[in-house]
Protein chains: 2
Amino acid sequence: MLLSILLTTTFTASAQPEVAQWKRFELTFTGPSSGNPFTDVELKATFWHTNTHDTIHVEGFYDGDGCYKVRFMPTILGRWNYRTTCNIPALSEKSGSLHCIPSDQHGPVRIKETHCFQYADSSSYWPIGTTAYGWIHMPEGIRRQTLSSLEAAHFNKVRMCVFPKYYTLCKEEPELYPFPIKEETGKGRTFDFSRFNPAFFHHLEKQIDALNALGIEADLILFHPYDKGHWGFDSLPMETNLAYIRYLCARLSSFSNVWWSLANEYDYVKAKTEDDWITLIKAVRTADPYGHLCSIHGSTATYFPYWMDELTHTSIQDEAPVEEAGRASILYNIYRKPVLLDEVCYEGNLSSRWGRLSGQEMLHRIWQGLLCGVYVTHGECYMRHEGNDTIFWAKGGPWRGESWKRIPFTRKIMESLPGSLQMADVSRDVRTATTGEGCYLVYFGKEMRDTWMFNLPAKNASYPPLKPGTKFRIEIIDTWNMTITPYPDIMETGAVSDYRLYDIHHRKIRLPLTPYLLLRITKVEDAL
Amino acid sequence: MLLSILLTTTFTASAQPEVAQWKRFELTFTGPSSGNPFTDVELKATFWHTNTHDTIHVEGFYDGDGCYKVRFMPTILGRWNYRTTCNIPALSEKSGSLHCIPSDQHGPVRIKETHCFQYADSSSYWPIGTTAYGWIHMPEGIRRQTLSSLEAAHFNKVRMCVFPKYYTLCKEEPELYPFPIKEETGKGRTFDFSRFNPAFFHHLEKQIDALNALGIEADLILFHPYDKGHWGFDSLPMETNLAYIRYLCARLSSFSNVWWSLANEYDYVKAKTEDDWITLIKAVRTADPYGHLCSIHGSTATYFPYWMDELTHTSIQDEAPVEEAGRASILYNIYRKPVLLDEVCYEGNLSSRWGRLSGQEMLHRIWQGLLCGVYVTHGECYMRHEGNDTIFWAKGGPWRGESWKRIPFTRKIMESLPGSLQMADVSRDVRTATTGEGCYLVYFGKEMRDTWMFNLPAKNASYPPLKPGTKFRIEIIDTWNMTITPYPDIMETGAVSDYRLYDIHHRKIRLPLTPYLLLRITKVEDAL
């Protein structure tokens, strides 16, 4: 699906190619393969829109075998011109143009109204992601299975590592490494960290494109601590880390579905200080001309200074904010950016306490976050054969659990809402969320009841307060069993009594005495 | 108790005066009283320590009646020299010295180890404050009563406004205003905002000194929204706000017990933007040469960007973090500075939901914070005679409630601890706090039980994990009834089982089936 124009070093003008908005335009040049082309050749290109004069500077990269590439993601419809510069004259001053045409894709995910997301084409995006750290490093059969699993569950984001993972539950050697092997001995292998292995990156790119075809954002983890001397990727010199970031960004910034996650459990990476992480974050922001979403993830309850301007959202590991109703609002209120909780423990059967939630509890924590306007990432770690299993969280593969089956239904409910959610009466009513547009969600979580007296808070976030005489219809949603049952009666709010509005007849809603119920309460017009 | 050296404009050297460390040294000069001495005369002084060469630049101020003052708080023992500069030659180049001698006071409160406080002399300070916004604007009888109340309750911090408060529950006109009255009509009064009223500031200073004599920090609120056109102090031009900050800091920075609170409910002050607040915060930090503690307070769940370097601690209004056990740790983990929750609702009998906690609930919320290493401010609002009462939170006066009586006991428990508190196994065990030094607190809150199986987490914050074979004695503390009951048996930890260590005999502690119990669990040596 990629438009690739092969150009020789004796550049010749070609017909103006068409590129769909937010897809990839790629220029290929042939150049020297001697010396160290990864560091010796500095190829750059400038793209500018002929009407708006928007200008994007991109870096080219060496792709092996004397082949140099420049990639570009056109962000605005219409004609773009480009010109290269290079310290090798043969690759410099190459120019041309392309025509950006409407796309069938939504484009990259952007921030919307401080706490939410949307695609570049303004369509809404509610992140419901999962975790498969090492899936791209598994054999092809497992990778295919992983993609089917992700598709079946309708996840729209996956956390995944660039570097392979060496950890109790995942110790396979990958077929490909990001750096060329220098020496292979019985004890292991050493790498040439002054070069990259293009085959590895071709493989990575193929997986990211496969995710894109399924509408899934690749939340790409650039560093992680699960190595500890095995390959040494967690303790590279800073110069190598920075070269790796530049190379990765040169290759991948033109992929619309890439997010940058600087690290998983950054504080467990013993070779890097917080100042190092800040340097690396800034390097990503400099190297990526499109401003892809960017964050970093710590160990349990370790909060990076997420207020850093360069970070677009949080990527927190902490279950505390979603263990009680309404509490994730503390994060929503503190951070002036979207709040992602990328680990709140996972569904699974491990003995480790981070991997032994029931499916119900996993889904419940996702809902506890959603009601507060924050986003909770799923993960599944079921071990069937001790140490020799395709536990999804580590390797991908087939699902074993129960919560993933509820994700399509969860997304359907969220995507039906007229706007983003937040607590209607923050810190005072912990289970009523509002979209501000005559639509509320009330979530009961584990509390089972046979009736609920209809009542809503007068306060409605920063929207106008709820008025007496407002009529509502109600649907009883069983988030676990995935049923939506319209309630037969229309409720009507009376006068405000101690900050709340009850039905004028103080009617109660009959409930089925099951857990994980959600009420969708929608304003109806008088005509009904 | 103030050392005041009266100097005429024809300056003469006096004998080197002695000033106790962190107390006030004051120079007085006579100068012009014509024109506008508040703005026309720019008097400054530099103090430098003759050995360490520490240098402190202070601003002088006009105190009315042709009298100019320079105040200085010596921070280091030994000899300090000083020299003035002024745009009025008669007040310039005045020089002299003083000798700083040991003090009987602790000095200003400073940050200790990121999340805690200590006095300048390194003695520990656990803030347990209360709220009396308008107390200094009340008649003398009430003020005297306020000071006795504060003393009886052993509070060591009080939130109080510089400007008088005009609010439903507090509408008295004060005797003194910070600005001179320009015109007084039947409809109200107008002020000359280009000048200050020294009598008002003399009065304010006397109250701050009276607090200091009781060991109470004055958490001074510089701006607030409770005015709304009545006097106009909430909507002064920025130039006046900045002049007021300079004047206040020139007068008060030498008071060791002053904290700066830029605002109460800053977001309700409609005439100021967040950028204005940032400007004002920076102005305070510039005008105060000693770096007194500095924060700002918002309305419910409105979190200022407390990560600003210029803010030394948070001053949050939100009850959400202390409604469940352990949840205040979210704030502790996010902010890299001490966390103060300066409003979590108050004890009282108001119809407003922020002022109707029981005494038990008020104290309970204070303890919920303390266990997580954060500090919760008390407040009391009992209304007896509708609209004509000395509700403490607004005006000071006598206590009416119940929680204040427990503050001396609460402080005694906290001050007995060998170190600061934090959750031992954060986000996983919500009721066990550790000091890291063989001392734990386990708080049961509202949960009543007749036994508790002795067990502690293996994880002990960032300290070495708890070891099997450790012996502990236990005291059962009733935080409400203020009793401490030693438990007869010594417990001994066995092997780690699923992250916890139980007594080797799996013994249970008998408990009295009452709420608000706290266990103090202290390591004992084998000899016992």
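## Basis of the description

Because the model is predicted, local features are given only where pLDDT is at least 70 and side-chain atom pairs count only at pLDDT 80 or more, whereas totals for chains, interfaces and linings use all residues. Residues are numbered from 1 along each chain as its sequence is written, and chains are lettered from A and ligands numbered from 1 in the order in which they are written.

## Arrangement of the two chains

The contact between the chains takes 21 residues from chain A and 21 residues from chain B, where two residues are in contact if their C-beta atoms, placed from the backbone, lie within 7 Å. On the side of chain A that touches chain B, the elements giving two or more residues are α6 (320-323) and α7 (329-334) of chain A, and α7(A) gives the most, with 4 residues. Helices (H or I, at least four residues) and strands (E, at least two) are DSSP runs, numbered from the N terminus. By class, this side of chain A has 10 nonpolar, 5 polar and 6 charged residues; Ala, Val, Leu, Ile, Met, Phe, Trp, Tyr, Cys and Pro count as nonpolar, Asp, Glu, Lys and Arg as charged, and the others, Gly among them, as polar. Of the interface residues of chain A, 100% are also interface residues in chain B, so the copies meet through the same surface.

## The five-stranded sheet of chain B

In chain B, 5 strands form an open sheet with parallel pairing, in the order β13-β14-β17-β18-β19; two strands pair if DSSP finds at least two bridges between them. The edges are held by β13 (129-131) and β19 (294-295) of chain B, each with a single partner strand, so one side of each is left without a neighbour in the sheet. Helix α5 (residues 274-287) of chain B packs on the sheet and touches β18 (258-263) and β19 of chain B, its direction making about 165° with that of β18(B); axes are lines fitted to C-alpha atoms, for helices over the stretch in contact, and angles run from 0 to 180 degrees between N-to-C directions.

Strand β14 (residues 157-161) of chain B pairs with β17 (residues 217-223) of chain B in the parallel sense over 5 bridges, and B:M160 has B:L220 as its bridge partner in β17(B). Another 3 bridges join β13(B) to β14(B), also in parallel, with B:V158 in β14(B) as the bridge partner of B:T130. In β14(B), 5 of its 5 residues are buried, that is, 20 or more other C-beta atoms lie within 10 Å of their own, while a residue with 12 or fewer is exposed and one in between is partly exposed, with C-beta atoms placed from the backbone. Both faces are covered, with B:K157, B:R159 and B:C161 on one side and B:V158 and B:M160 on the other.

Leaving aside neighbours within four places in sequence, the contacts of B:M160 include B:A132, B:W135, B:A218 and B:L220.

In chain A, A:A132 lies in the loop between β13 (129-131) and α2 (140-153) and counts as buried, with 28 C-beta neighbours inside 10 Å. Not counting residues up to four places away in sequence, A:A132 touches A:T146, A:V158, A:M160, A:F392, A:W393 and A:G396. The C-alpha atoms of A:A132 and A:A394 are separated by 5.2 Å, although 262 residues lie apart along the chain between these two positions.

## Loops with positive phi

A:M482, in the loop between β30 (471-478) and β31 (483-486) of chain A, has a phi near 60°, a positive value in a residue other than glycine, and is partly exposed, with 14 other C-beta atoms within 10 Å. B:H506, in the loop between β33 (500-503) and β34 (508-510) of chain B, has a positive phi near 50° and is exposed, with 10 other C-beta atoms within 10 Å.
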